[in-house]
Structures are given as C-alpha cells and as structure tokens.
Amino acid sequence: MAVFLALKSSGPIVQPVVAVERNWPVEAVTVKFRQLAPTIRLYGRIESPRESRVRSALSSDVQKLEVLVGQSVSKGEELLRLDDLDVKLTLAQREAELTEIQAQIQSENTRYQADRAALEQETKLLALAQSALERAERLAQTQVGSKANVDHAREVLTRQTLSLTSRRRAIADHPSRLAQLQARRQRAVALRDKALRDLQRARVIAPFDGRITAVHTSPGDRVHPGDRLVDLFDTAYTEIRAQVPNRHLPVIRQSLHEGKRIDATAVLDDAPVALTLARLSGKIEAGEGGVDAFFDFQGEPPPLELGRTIPVLVSLPAQPGVFALPATAVYGADAVYHIHNNRLSRVNVEHIGEYRNGEWGSWSLFRSTALQDGDTVLASQLPNAVEGLKVEIISTRD
C-alpha cells in the first residue's frame, strides 16, 4: 500500500486544456460617405443607322466588280459596273423618237403660219366670187348675161366658201394638234431621261464614305431589278446599342429630360473610347428586360466592325450620401461585415451601382443607415466569415 501511494503521488500532473481563439488576418476598407457618380456595366453592339443594301435597277450582266468585303470606299467611288449595251440601244431609240416629234412640232408651226397667210387670200377670193355672182345676176336680169353664167358664179362662190371654212377649221385645230404633239414630246423626253438614268445606274457607285460588309455577286452573273449587289455602312454614322435595365431608366430619363449629358466609356481592343448617350429606344421587344440605349462616339470613331459586342461603362448622375467598397467586401448581394473591436458584425447595404476607383479597379457604390462615416469594413473574402469572428487588420484601404 505504501509503495502504491508513493508511485501515485510521483506521477505527472495533467494540466487542463485552455482554448486559444485565432485572429484571422484580413484587409479592411474605411467607409467614407460622399457624393459619387455610379456606373453601370452594359454590353453593347456596334451598329450603323446608315447601313445600305445596294440593289440592281436593271436586268443586265455584271461586267466588272471593283470592291471586296472589308474594303473601305469613298463617296462616288465605283463599286461595280453592269453591261450597258442594251441601255445604250434603248437610249438611241428614245432620242430618235424625240427628234421625230420635234420635227412634227416644227412642221405644225410652219403649217399654221401658211394657213394664216392663205386665209387672207381666200377671204379676198371669196369677196371676188361674191362680186362676180352679183354682177352675173344683174346681167341676167337685164338679159345681157345668161343663166349659165349665174350658175357658174354661184358654184365658184360655194367652193370658195367651203375652202375658206376648211382653212378656218385648220387654223382653229392648230392648238389641239400642237398640244398633242407637245404631250408626245414630253412623253418622249421622259422616256429619254429614263434611259439616261438607266445608263447611269449601270455604273453602281458608293452613296457615302463607308466600308463593305457583303458582296452578293461576281462578274458574269445575271442580275435583275431588286437583286442585292453590295452591302456597306457609313463609317461616319456608327453607334453602340446597349440595353439598359429597367431599374436605371428613371435616372437616365430624368437626365435626358433636363438636358444633362450622360457619358460612357467603351473598351475597344483594350483601349478606352469615349461615348455619349444620344437617345433611348421607343420600343421594347417581347422578352426584353430593359430599353435599348444608343451611344454616339465622341470625336471620330475608330475602325469598327458591325455586330461586334463590347463592354460599355455608363456614368450615371452623382448620388449623395453613398460610399464605395471593393467587390471583395460584399457577401451575397447586399451584405458586408463591419469590424468593431476586431469582431465581425454583418450589416445589410443597398447597392447603388458600380464605381471606378482608380488603381483599385471597379468598386461598387452602396447606401446604408447602419454604417457611419469612418467605420471599418472587411475587404477580404473569408470562407468562414460569420457574426462575431475575431480578425486582425493587417492593412486598410481608403
């Protein structure tokens, strides 16, 4: 028994285990309430309101093709040429018809002048015939002249009367005949001008400075009126169409109504390009969750390809009483962790929009009544972040 008690008293003493709480090293950001302009990220598509689809106006063969897809062209530059032999033959026929009608008009005017001159002579002849009849009748009454002379004088008077009547009718019909000829001349001129226009259409030219997007024909092809030949767009009239979510529309509409300019920035080939909001669409297609906005380039646009999708950052009007936080500080969609006495406290916030914060990249703007100016917020993404977790701040962003 004595040996047992001695051995028990000489054994090791078990010390109680004391739990030590770990301090998690984290980064933090200071809350600063300011008036800041939020940005929204959209994805736009390059379009042109002046995209032309040049079509054929003739039935002819393609004689020569001058352009290829992707090529830049100047206004008035020849795109392709159609065979114009048939058009030239038609033009020669129309010009011959016009020459013939002009000759007929000249002949009618000459005839009219001759009829007027002949009318004076026939009027005198009628007076002479009337005098001869009266003289023959007087001689017949005195039995000096014969009845045959009277009949002959009456016949001459009748014929002269008919001739004078016919001449007067010819003179009276002159305006109608001239009007008919002039109408035919106008029709001939119209047909001649149409042939000239068709001859011009055989040479297809660029309507503006642009870039070729499609070529639908090649030399030797037979084309008909309405067939597509070349597609091109005006490089001076390019814009970006992007859909704006409905929650941002009231602010944008109010700014446009007040005449405030809304700027935006597009990222094109890793280079920023300045944009300006020009207008909003007047129609919402079925299934869309916003309204299309159209952005114009500030200054001369760079070389673009229609249909290309690029990101667009739109700067909205400044909002008072907001603060900026990096994306790593947000948990879920509307929660951050306030650091107080090295302990985490979950706080709900209201997302206002994105914010470009210089070297730190894109941040987001928030509004919250649970935070005050100068509070510290967790800026690191901790997988085990919970209410009350103890942390150690190793760096703080402003």
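Strands β18 and β19 (residues 343-348) pair in the antiparallel sense over 6 bridges; strands are DSSP E runs of at least two residues, helices are H or I runs of at least four, and both are numbered from the N terminus. Two strands count as paired if DSSP finds at least two bridges between them. This is a predicted model, in which local features need pLDDT of at least 70 and side-chain atom pairs count only at pLDDT 80 or more, while totals for chains, interfaces and linings use all residues. Residues are numbered from 1 along each chain as its sequence is written, and side-chain values use heavy atoms, with hydrogens and water left out.

- Strand β18 (residues 335-340) is largely enclosed by the rest of the structure, because 5 of its 6 residues are buried (buried is under 20% relative accessible area, exposed over 50%, partly exposed in between; 1.4 Å probe, protein chains only).
- His338 stands opposite Ser345 in β19.
- The hairpin of β18 and β19 has 2 residues between the strands, and Asn341 in the turn has a positive phi of about 55°.
- β18 also runs antiparallel to strand β22 (residues 376-378), joined to it by 2 bridges.
- Ile339 has Thr376 as its bridge partner in β22.

**Nonpolar cores**

- The largest nonpolar core has 24 residues, and Leu42, Ile240, Val244, Leu275, Phe295, Val312 and Val314 have the most contacts inside it (a core is a set of buried Ala, Val, Leu, Ile, Met, Phe, Trp, Tyr and Cys residues joined through side-chain atoms within 4.5 Å).
- Elements that each supply at least two residues of this core include β3 (39-47), β12 (239-245), α5 (249-257) and β15 (290-297).
- β15 gives the largest share of this core, 4 residues.
- Leaving aside neighbours within four places in sequence, the contacts of Phe295 include Leu42, Ile240, Leu275 and Val314 (contact means heavy atoms within 4.5 Å).
- Another core, of 20 residues, lies apart from this one, with Val29, Val31, Leu325 and Val349 among its members.

**Four-stranded sheet**

- An open sheet of 4 strands has the order β4-β11-β9-β6, with antiparallel pairing.
- β4 (51-55) and β6 (72-73) stand at the edges with a single partner strand each, so one side of each is left without a neighbour in the sheet.
- β6 pairs with strand β9 (residues 210-215) over 2 bridges in the antiparallel sense, and Val73 stands opposite Gly210 in β9.

**Helix α1**

- Phe4 lies in helix α1 (residues 2-9).
- Phe4 counts as exposed because its relative accessibility is 52%.
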